[in-house]
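Please examine the sequence and the three-dimensional structure shown below. The paragraphs that follow lead from the whole chain to its details.

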Amino acid sequence: EENNFEPLREGLNLKCNLEEEDFVKTYWADIKFPISMVTLEVANNIERLKPFGNGNEKPVFTDLNVKIKKVFLIGKNKNVLKFEFFTENGSIEGIMFRNTKDFIETVKATLGAEIINDSVEFKNKNQTIDLMYYPSINRYMGNQRLQLEIITYRFR
């Protein structure tokens, strides 16, 4: 009953034994896969696994110490981040739709980066990042380009 809700809540909280670390968001990756090995063929093969959803989640890849070449704010509301990463084979694009404000605040506060003309300018020109990503294909006006959908990140 509604009048028993508060005692129930208090009792559950007393017996749950949760620690502060239990509230930290945890991410799981399927495989460590260097972005330099991601190709259009790899992304096409992953697309064969569709449809993704409950019981068939998108595969999540990770790579460490990825060097950032450029980061731009794009979109009508400047709420999407477009990345360009260095690889041994040239460069590869990335895109991040979620937590973009957190990214901007982190780079400003922690790394001293500035936003100039919708571009993130890092003081450290060798800035690296750990990535969790999903290889995808950007299809636009009949063209296909490889891009990484950034799920989350961690600065080095």
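The protein exposes about 10,900 Å², and carbon and sulfur atoms supply 50% of that area. The model is a predicted one. Of the 156 residues in the protein, 33% are buried, where buried means a relative accessible area under 20%.

The overall arrangement may be considered next. The protein has three helices and eight strands. Read from the N terminus on, the order of these elements is α-β-α-β-β-β-α-β-β-β-β. Along the principal axes, the C-alpha atoms fill a box of roughly 60 × 40 × 30 Å. Among the contacts with a separation of 6 or more, 59% are between residues 24 or more positions apart.

Which residues of helix 3 are buried? In this helix, which covers residues 100–109, they are T100, F103, I104 and V107. These residues cover an arc of only 95° around the axis, which puts them on the same side of helix 3. On the other side of helix 3, K101 and A109 are exposed.

A pair of aromatic rings is described by the distance of the centres and the angle of the planes. The structure holds nine aromatic pairs. In one of them, the ring centres of F83 and F85 are 5.2 Å apart and the planes meet at 10°, so this pair is stacked; the reasoning rests on the cut-off that planes under 30 degrees apart count as stacked. Both F83 and F85 are buried. Another pair, formed by F122 and F155, is tilted, with 6.4 Å from centre to centre and 55° between the planes. This pair links distant parts of the chain, since its members are 33 residues apart. F122 lies in the loop between strand 6 (119–121) and strand 7 (128–140), while F155 belongs to strand 8, residues 143–155. F122 and F155 are both buried. Ring pairs also join F83, F85, F103, F122, Y153 and F155 into a cluster. One member of this cluster, F103, is among the buried residues of helix 3.

Charged side chains also meet aromatic rings. K58 lies over the face of Y134, at 4.6 Å from the ring centre. The charged end of K67 sits over the ring of F86, at 4.9 Å from its centre.

The loops remain to be described. S36 is in the loop between strand 1 (31–32) and helix 2. Is S36 buried or exposed? S36 has a relative accessible area of 15% and is therefore buried. Leaving aside residues up to four places away in sequence, S36 touches T87, E88 and N89. In the loop between helix 2 and strand 2 lies P51; a cis peptide bond joins K50 to P51, with omega about 10°.

Two further loop residues have backbone angles to examine. D118 is not a glycine, although it has a positive phi of about 65°. D118 is placed in the loop between strand 5 (114–116) and strand 6, and at 30% relative accessibility D118 counts as partly exposed. M141, likewise not a glycine, has a positive phi of about 50°. M141 lies in the loop between strand 7 and strand 8. With 70% relative accessibility, M141 counts as exposed, because exposed means over 50%.

Key
Residues numbered from 1 in each chain as written. Predicted model: local features only at pLDDT ≥ 70, side-chain atom pairs only at ≥ 80, totals over all residues. Heavy atoms only, no water. Phe/Tyr/Trp six-rings, centres within 6.5 Å; stacked < 30°, edge-to-face > 60°. Buried < 20%, exposed > 50% of the residue type's maximum accessible area, 1.4 Å probe, protein only. Helix = DSSP H or I, 4+ residues; strand = E, 2+ residues; numbered from the N terminus. Lys NZ or Arg CZ within 6 Å of the ring centre and 35° of its normal. Contact = heavy atoms within 4.5 Å. Areas by Shrake-Rupley, 256 points an atom, 1.4 Å probe, with all protein chains shown as cover. Arc of directions from axis to C-beta.
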